[in-house]
Amino acid sequence: MATIYTRPEEYDLEHGEGEEDITFYRRLIQRFDAHTIVELGCGSGRITVPLAEMAEEHDLHITGVDLSEEMLGEARQKVTQLPTGCRPRVQLVLEDIRRFQTAAPVDLVIVPCSTLAHVLELDEQLAVWRSVARSLRPGGRFVVDLTMPTLAAFADSMATPPRVLVEMDVDQESGDGVHRLIRYKTTRYEAHRQRAHVRFLYDRFETRPDDEARAQRYVSDFESHVYFPRELELLFLHTGFEVEHRWGGYRGEPLRPHSRALIMVGRTPGPASPR
């Protein structure tokens with residue numbers, strides 16, 4: 001498990017206050033008229049908890065699944081801050097998403113924030129898709145949210161001899177100005193395996209009342225599977241889904257060559273439902 005997933009406070013700081021994907025999932029729940037929802041890889045509850053804020057008004061029941069006890073601990077703490085009527089409608093489960101299956105069929109399963117990039121092997125990916133298919137009611141949806149691959153970003157690591165560039169891709173401050181997190185990134189890509197070896201170097205700065213800035217540095221490494229659109233579509237089709245939507249962003253933009261996001265919605269066979 002990457003180091004950042006044992007540091008929920010810094011994970012939240014890393015992602016900042018951007019709510020574009022949160023707004024997207026809130027609208028999607030209403031668009032699909034979904035009432036029972038599972039989020040795989042829910043982490044610190046960054047998306048789970050804002051969705052749960054809608055639970056009482058829209059009659060939602062939300063299950064968040066994650067493999068990190070530290071991240072789930074943060075999510076549980078956030079759930080305690082929800083309105084009283086929403087708290088009982090949220091369940092958090094410590095489980096590997098490759099093995100998780102619901103006890104009763106649900107309307108919607110979502111996997112935000114490129115979580116599926118951590119599922120590296122084909123047999124493991126098929127296990128996730130099949131488990132989700134078994135967990136959904138007829139006509140239920142599976143939403144996969146990934147980063148669109150950018151081959152230009154991998155080009156240096158595929159050169160001869162290979163080069164690895166260092167990129168500063170995150171610089172976030174907490175709302176109170178006390179904490180600042182800077183993230184540097186290197187990526188080495190193996191084209192024959194569609195595998196990205198990602199190394200994040202974090203610098204966290206904390207400003208004390210005496211104005212002395214204290215810094216902490218650590219490295220978080222992980223391997224990532226790089227999905228391509230046709231491959232993603234085949235995973236849906238092979239496991240019995242109809243591909244209902246292909247989007248290149250959180251506003252429903254069409255998928256294009258320079259899209260930053262790769263969002264695909266699969267639907268299980270069954271009666272028609274709202275779109």
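A charge sits over a ring if NZ of Lys or CZ of Arg is within 6 Å of the ring centre and within 35 degrees of the ring normal. Keep in mind that this is a predicted model, where local features need pLDDT of at least 70, side-chain atom pairs count only at pLDDT 80 or more, and totals for chains, interfaces and linings use all residues. Residues are numbered from 1 along each chain as its sequence is written, and side-chain values use heavy atoms, with hydrogens and water left out.

**View A. Arginines over ring faces.** R141 lies over the face of F32, 4.2 Å from the ring centre. R7 does likewise with Y218, at 3.8 Å from the ring centre.

**View B. W129 and F236, an aromatic pair.** Rings of Phe, Tyr and Trp (its six-membered ring) pair if their centres lie within 6.5 Å; planes under 30 degrees apart count as stacked, over 60 as edge-to-face and the rest as tilted. The structure holds 12 such aromatic pairs. Here the centres are 5.6 Å apart and the planes of W129 and F236 meet at 80 degrees, so this pair is edge-to-face. It joins distant parts of the chain, 107 residues apart: W129 is in helix 6 (residues 122-135) and F236 in helix 8 (residues 229-238). Helices are DSSP runs (H or I, at least four residues), numbered from the N terminus.

**View C. F200 with Y202.** This aromatic pair is tilted, with 6.1 Å from centre to centre and 55 degrees between the planes. F200 is buried at 7% relative accessible area, and Y202 is buried at 0%. Buried means under 20% relative accessible area (1.4 Å probe, protein chains only).

**View D. A ring cluster.** Ring pairs link F24, Y25, W247 and Y250.

Terms used
Helix = DSSP H or I, 4+ residues; strand = E, 2+ residues; numbered from the N terminus. Buried < 20%, exposed > 50% of the residue type's maximum accessible area, 1.4 Å probe, protein only.
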